[in-house]
Amino acid sequence: MALTKKINLALQGGGAHGAFTWGVLDRLLEEDGLEIAAMSGTSAGALNGAALKSGMIAGGREGARENLEWLWMQVAGVTDLSIGTWMAPFGLGALSKQIEFSLPYMMGDAVSRVMSPYSYGPLYRNPLEPIVEKFNYDKICAHEGPAFFVGATRVRNGKIRIFQGEEIGPKALMASACLPTVFQAVEIFDKTTGRNEAFWDGGFTGNPALFPLFVDPFPDDIVIININPLERDEVPTTPQEIQNRINEISFNSSLLRELRAIDFVQRLIEEGVATSDHHFSRVYVHMIADDSLMAKLSAATKIVPNAAVISALRDAGRAAGEAFLRNDIDNVGKRSSVNLREMFL
């Protein structure tokens with residue numbers, strides 16, 4: 001009988017593009033020989049992590065899969081993703097452009113550039129609130145199941161804040177997904193500073209944060225589910241494309257900084273300069289992504305949930321999860337399956 005392979009999951013944020021992560025998780029949860037020990041999530045990654053953990057505690061792997069499906073039906077505003085499959089022949093790229101240049105999206109985008117989310121006064125309500133308030137936080141905060149960490153950015157000093165255990169509630173999840181041009185900052189009492197703090201999207205400081213996964217008793221392997229393209233071949237030229245690429249680079253920069261630090265420490269270990277006596281540990285990094293697919297999409301499909309896009313992203317995520325299980329699973333516990341140094345060239 002094959003030994004169970006234990007992994008940590010790093011779940012990146014990216015709005016409705018997080019449906020790709022749903023697909024990956026859906027496929028990984030089918031593998032009985034794979035155990036998720038801990039998860040660190042930001043924005044959509046935090047929502048996916050919350051759905052997975054609460055569902056797993058309630059009903060095991062199938063419970064987690066069902067809860068993830070429920071989450072994305074809520075995001076898409078449908079009960080069946082096939083409702084949007086009639087649009088599939090247009091292709092994801094064309095569909096993304098169609099949404100991006102639609103009058104409602106262009107008007108909303110223009111308004112967000114000249115009006116603050118605070119301009120709505122008492123009419124304002126965070127659109128994620130009706131979804132996150134339905135989660136079972138007794139299960140999300142439970143000691144059993146995978147450890148779970150949620151990242152947000154403290155507005156006042158620009159530092160990352162990691163929520164865990166009983167700290168995780170609706171406000172923590174909304175804070176992790178709080179784009180400041182779209183949502184009002186989420187205010188939470190922060191025990192680390194002893195005062196009420198305003199929080200923005202965790203992607204500014206950790207997308208997602210990897211350092212919570214570096215401690216015992218978590219395994220050495222971190223599987224990053226990446227949904228913001230690291231590379232785009234074409235230079236953006238339109239205002240929308242430029243802004244989208246700025247956001248992608250910004251939200252990937254914190255992840256790349258942590259990966260660079262991991263590479264540095266691993267080289268010290270390989271050269272015998274650092275040992276466990278120095279409190280350094282070996283970390284194996286794996287990545288599940290589909291940059292070619294994500295490069296066809298724009299910021300519009302992150303902000304405007306579309307059933308056809310969400311369905312396609314889920315299917316692409318399942319395919320990427322299958323590719324990881326086929327090509328890289330044997331590396332778990334032995335070596336990284338990505339060349340970190342090549343990522344920084």
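Which way does helix 1 cross helix 11, left-handed or right-handed? The close-ups below take that up, starting with where the numbers come from. This is a predicted model, in which local features need pLDDT of at least 70, side-chain atom pairs count only at pLDDT 80 or more, and totals for chains, interfaces and linings use all residues. Residues are numbered from 1 along each chain as its sequence is written, and side-chain values use heavy atoms, with hydrogens and water left out.

**View 1. Helix 1 packs against helix 11.** Here helix 1 (residues 19-28) and helix 11 (residues 307-327) pack at an angle of about 45°, their axes 6 Å apart. (Helices are DSSP runs of H or I with at least four residues, strands are E runs of at least two, and both are numbered from the N terminus; axes are lines fitted to C-alpha atoms, for helices over the stretch in contact, and angles run from 0 to 180 degrees between N-to-C directions.) The two helices are therefore oblique to each other. (Angles under 35 degrees count as roughly parallel, over 145 as roughly antiparallel, 65 to 115 as roughly perpendicular, and the rest as oblique.) As for the opening question, the crossing of helix 1 and helix 11 is right-handed. (That is when the near helix is turned clockwise from the far one by less than a right angle; anticlockwise is left-handed.) Among the contact residues are Phe20 and Trp22 of helix 1, and Leu313 and Phe324 of helix 11. (Contact means heavy atoms within 4.5 Å.) Sorted by class, the contact has eleven nonpolar, three polar and five charged residues. (Ala, Val, Leu, Ile, Met, Phe, Trp, Tyr, Cys and Pro count as nonpolar, Asp, Glu, Lys and Arg as charged, and the others, Gly among them, as polar.)

**View 2. Helix 1 also meets helix 2.** The axes of helix 1 and helix 2 come within 9 Å and cross at roughly 155°, which makes the pair roughly antiparallel. This crossing is left-handed. From helix 1, Trp22 and Leu25 are among the residues that take part, while helix 2 brings residues including Leu52, Leu68 and Trp72.

**View 3. The largest pocket has a lining of 47 residues.** About 1300 Å³ of space lies in it. (On a 1 Å grid over the protein atoms alone, a pocket is an open set of points where a 1.4 Å probe fits, with protein on both sides within 12 Å along at least five of seven lines; lining residues have an atom within 4 Å of a point. Points are joined across faces, edges and corners, and the volume is the space filled by probe spheres set on them.) Leu179, Val182, Phe183, Lys302 and Ile303 lie nearest the centre of the largest pocket. Its lining splits into 26 nonpolar, 15 polar and six charged residues.

**View 4. The second largest pocket holds about 360 Å³ of space.** Its lining has 20 residues, and Arg232, Glu234, Glu241, Ala295 and Leu297 lie nearest its centre. Helix 3 gives the largest share of that lining, four residues.

**View 5. Two cis prolines sit in a loop.** The Asn207 to Pro208 peptide bond is cis, with omega near -10°, and the Asp216 to Pro217 bond is cis too, with omega near 10°. Pro208 is in the loop between strand 6 (195-201) and strand 7 (221-225), and Pro217 is found between strand 6 and strand 7 as well.
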